[in-house]
Amino acid sequence: MADTVKLLSLDVTSDASLAALRSTLEEGPPLRLVIYTAGLLHAKEMAPEKRLSQVQRHNLSDSFQVNAFGPLLLAQAVQTCLPKEQPCHFASLSARVGSITDNHLGGWYSYRAAKAAQNQLLRTLAVEWRRRLPLTCVSLLHPGTTATDLSAPFQANVPAERLFPPSRAANHLIDILEGLEPEQSGSFWAWDGTSIPW
Ligand SMILES: NC(=O)c1ccc[n+]([C@@H]2O[C@H](COP(=O)([O-])OP(=O)(O)OC[C@H]3O[C@@H](n4cnc5c(N)ncnc54)[C@H](OP(=O)(O)O)[C@@H]3O)[C@@H](O)[C@H]2O)c1
């Protein structure tokens, strides 16, 4: 029988949508690879803040919904679908700007803080899953600057060799996951396989 790809829709800010996904996935085989790729940096009435006066409560809230709460709530939704006795990866796309140690430039309050929160939430998840799902490796991944809608307004000063096509960025990240063992769960990696400080 030919392999089939089944597309399911999901709004990561909706509990009902996450519950529906969970019900559907529970009918299928265990998951071996889950990657959270949703992210939010800018939208129609939302731009990354350059200064404090631009900070708005609803932008902070929207950013945290997608960039921080989303991956944790997806983990909650898929937990019963992950295998206990086989290796498995749960990865989420974070961003280097979420590193508190690496924050020398400032700006982008909502996105930075939401990615830092994502890192802490998934690090905490990794500690819990070490007991519940010891063969599952939780990873936070920085894809590098990638030519997508998210980075489109900020690509002007990025050297061409540092602006990855999405397929190349995806291959980098799959290579990283393939080299990780469950003992390395709860780590933050850049596209080139180097570890990023929290
Ligand atoms: N591109 C870069 O240079 C770069 C650098 C560092 C980190 N990242 C991270 O990499 C990840 C992927 O980013 P990207 O560059 O692929 O961005 P993108 O092209 O803007 O894609 C973001 C995706 O998130 C989805 N999304 C947003 N809100 C959602 C929601 N409520 N429910 C479900 N899906 C939702 C969007 O779906 P719709 O299209 O349906 O809205 C879109 O498919 C993000 O976490 C981003 O922060 C990207």
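**Reading the pockets**

Reply: In the largest pocket, α3 (109-132), β3 (136-142) and α4 (166-178) each contribute at least two lining residues. Helices (H or I, at least four residues) and strands (E, at least two) are DSSP runs, numbered from the N terminus. The model is predicted: local features need pLDDT of at least 70 and side-chain atom pairs count only at pLDDT 80 or more, while totals for chains, interfaces and linings use all residues. Residues are numbered from 1 along each chain as its sequence is written, and side-chain values use heavy atoms, without hydrogens and water.

Me: How much space lies in the largest pocket, and which residues are closest to its centre?

Reply: Rolling a probe the size of a water molecule over the atoms shows where empty space is left. Here the largest pocket holds about 1,100 Å³. Its lining has 36 residues, with Y111, H142, G144, T145 and L150 closest to the centre.

Me: Which element gives the most to that lining, and how does the lining divide by class?

Reply: α4 gives the most, five residues. The lining of the largest pocket comprises 19 nonpolar, 13 polar and four charged residues.

Me: What lines the second largest pocket?

Reply: This pocket, of about 820 Å³, is lined by 23 residues, and K6, L8, L21, L25 and L31 lie nearest its centre. At least two lining residues come from each of α1 (15-26), β1 (33-36) and α2 (57-78), with β1 giving the most, four.

How values were computed:
On a 1 Å grid over the protein atoms alone, a cavity is a set of points where a 1.4 Å probe fits but cannot get out, and a pocket is an open set with protein on both sides within 12 Å along at least five of seven lines; lining residues have an atom within 4 Å of a point. Grid points are joined across faces, edges and corners, and a volume is the space filled by probe spheres set on the points. Ala, Val, Leu, Ile, Met, Phe, Trp, Tyr, Cys and Pro count as nonpolar, Asp, Glu, Lys and Arg as charged, and the others, Gly among them, as polar.
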